[in-house]
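Hi,

Here is the structure I promised to pass on. Have a look at it first, then read my notes below.

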Amino acid sequence: MTSPAVGVAAAVRVQRGHFTLDVELDVPAGEVLAVVGPNASGKSTFLHVLAGLVRPSVGTVRVGERVLTRRGPRGPQLDVMVAPEHRGIGLLGQDPLLFPHLSATENVAFGLRSAGMRAGPARERARDWLTRVGLDGVGDRRPGALSGGQQQRVAIARALAAEPAVLLLDEPLAALDATSAPQIRQLLAEQVRGTGTTAVVVSHDVLDAVVLADHVAVLRDGELVERGRCVDVFSAPRTAFTAALVGTNLLAGRRDGSGVHTSVGVLEAADGRAAADPPGGGPSPGAPAGRSAPDLPDGGACVVRFRPSAVELFAARPDGPNAFEATVRWLEPATGGVRVRLAGAPELLADLEPAQAQGDWLRPGGRVWARVDPAAVHLAPAP
Amino acid sequence: MTTGPDEQAGPPTPVGRAPVAVSARSRGERVAAPRPLPVLLVVPAVLGLAAVLLPLAALFPRVDWATFPAAITSPAALAALSLSLRTGLAAMVCCLVLGVPLALYMSRATARLAEVLRIVVTLPLVLPPLVGGMALLYLFGVNGQLGAFLTMFGITIPFSTVAVVMAQTFVAMPFLVISLEGALRTAGNRYEFVAATLGAGRWTVLRRITLPLVMPGLIAGTVLAFARAVGEFGATALFAGNQPGVTQTMPMAIYTAFNGAGVTRDSALALAVLLIVVSLVILLALRDWRRREAW
């Protein structure tokens, strides 16, 4: 390969009825990209295009220098569509899909055998892999005799043992119970990084993205709306979906001298310059300069974000700036307290300590006053 | 990295948390006792069982056990038994060679096309075998569409051992194709796709994934097809005739013997009993095999 930095490069458009997926993404070799987005945002379609299950309307998929899919306006004679078995692209879904008639060892050895390795060495290698995923001694069992977590471990070993150029992870932890999911997530992170495998992981869970991935791409309605390093995107989300994903509040607005005009009124950010960096909890070192608040022109479209813990709730109008009235949607448990969802588009979150949440003034459908600490309001240009 | 205790699939726990993937159903257990049926149903149920069992049981007291060994080892009987086994096995192989690919394509066809194909393939199953024999005779007879063509090369099929195999294949194929196609549809294609992402080519996927996954259905279909081929009478009678050593299979020999020609009626009885015993052995072997292979 002349350009080892290229892992996967995909620029594809898929037209399906009224839905259009139009994405250009690349993953450097050895890195992991998380693709997050609401349902029907095109995440699965994107994976299927990479895996060779779906032929795009137009576009190219490359792994390294090798073109796996090409469909272009230059005519069908230049089109390329490499079959799934010749792509070197592995897939791990939420269902382990172990071959039920083969033992755990034979399952792991399957890819090696398909690549032409002899039975003896392939079994040897498969047993090593089972050890690596913490399954010493169960190699002779059939999948039916393994628990769900053990099956997913075998599936991880099987996918990685085939040494795919790219590994696609489609909600790999979604079917696991609360006890095994963290263990498998950790194992997956160790093994994917340990083998230097280039990977794309699709997930609903921000934790999956943070633990497994270096970069994250947010898809909405088939379009890429945010893209960046996980730490940047999640600490300073600029779209409602990403904000909801990381559990922070995000409002779109327009800035002028008095503050930012949003759907809940004018919000002040205490210091426009400071607002670009999240205080305390780890400043985002990689925040691109172009996103810092001082560059925001007056009258420019922008987004403000603030953590649920920065929102206080009152029964009556409080003093001070950044107060607005809202309707309580419902209450739910939060770590060390109560999370209140306030109706609106978008919905806002407020985290209260248990003592603050007592009393019947706080009930679903009731009107309350909210106040946001100006020091905790962060500004960013609109996406 | 160690495996947490929660992941161990130990023996079934008394409460909650059934071990994953070893479902109660696969071990033949029920969640609760079945609801009782209306009492009166027992009458037709018992009669139904009797309708199957009594006629077969009635054969055994009529057998002359003293001459039984001689009857089933007479030259005519042995020739018929040998011909039945050879043609039955040949028909079974034909069913496998032609029926497995047909079932594979049918299982991948669109719903509408599969429905049409299923009806076509099932026809020999519901037709009187005599009609099948007549159809084969018209196609392969010396004046038939294909027969006339083959005659030019000096090949005559009707009333030969080949005709026996063809008649048996005609009537037995549906058993294999229908049961295999059902098994393939149930298995789905998800494992095949996983195998492809692991680098397995089409032949490897077929050999190591698709066929092993449907092996119980394939074995059952093959055994049924073999049994149907060995029992074949009507189509064989019209298309192949009843020539000892060439086309006289067990059912033909039993029919001939019963009508008092060639072998004796005692021989017919002995051969019939032999067929029943062979069928029972096949069914028992199949049951044991399926139990052992259950996953």
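Before the notes, one definition: helices (H or I, at least four residues) and strands (E, at least two) are DSSP runs, numbered from the N terminus. This is a predicted model, so local features need pLDDT of at least 70 and side-chain atom pairs count only at pLDDT 80 or more, while totals for chains, interfaces and linings use all residues. Residues are numbered from 1 along each chain as its sequence is written, and chains are lettered from A and ligands numbered from 1 in the order in which they are written.

Chain B

Let's start with the helical one. Chain B has 13 helices and zero strands. UniProt, in an unreviewed entry, lists "transmembrane region" for residues 37–60, 80–104, 116–140, 152–180, 209–230 and 268–286 of chain B. (UniProt positions are given in the numbering used here, feature names are shortened, and annotations may be inferred rather than shown by experiment.) I looked at two of those spans. Residues 80–104 of chain B are 100% helix and 0% strand, with end C-alpha atoms 35 Å apart. Residues 268–286 of chain B are also 100% helix and 0% strand, and there the end C-alpha atoms lie 27 Å apart.

Of the 295 residues in chain B, 32% count as buried. Buried here means that 20 or more other C-beta atoms lie within 10 Å of the residue's own; 12 or fewer makes it exposed, anything in between partly exposed, and C-beta atoms are placed from the backbone.

Chain A

Chain A has eight helices and 21 strands. Its C-alpha trace spans about 75 × 55 × 40 Å along the principal axes, and 43% of its 383 residues count as buried.

The domain assignment (automatic or from a database) gives chain A a domain 1 (6–229) and a domain 2 (240–383). Taken over C-alpha atoms, the centres of these two domains of chain A are 37 Å apart. Nine residues of domain 1 of chain A are in contact with six residues of domain 2 of chain A, contact meaning that the C-beta atoms, placed from the backbone, lie within 7 Å. On the domain 1 side of that meeting in chain A, E10 and E11 each supply at least two residues. E11(A) gives the most to that side, with three residues.

So what do those two strands look like? Strands E10 (residues 215–220) and E11 (residues 223–229) of chain A run antiparallel and are joined by six bridges; two strands pair if DSSP finds at least two bridges between them. Leu219(A) stands opposite Leu224(A) in E11(A). The two strands form a hairpin with two residues between them, and Asp221(A) in the turn has a positive phi of about 50°. E10(A) also has strand E3 (residues 32–36) of chain A as a parallel partner, through four bridges, with Leu33(A) opposite His215(A). Five of the six residues of E10(A) are buried, so this strand is largely enclosed by the rest of the structure.

One helix of chain A to look at is H4 (residues 148–161). Its 14 residues should span 20 Å at 1.5 Å a residue, and its end C-alpha atoms are 20 Å apart, which agrees; the expected span is 1.5 Å times one less than the number of residues. Because 13 of its 14 residues are buried, H4(A) is largely enclosed by the rest of the structure. Just after H4(A), Glu163(A) takes a positive phi of about 50°.

Over to you!

Notes
Two residues are in contact if their C-beta atoms, placed from the backbone, lie within 7 Å.
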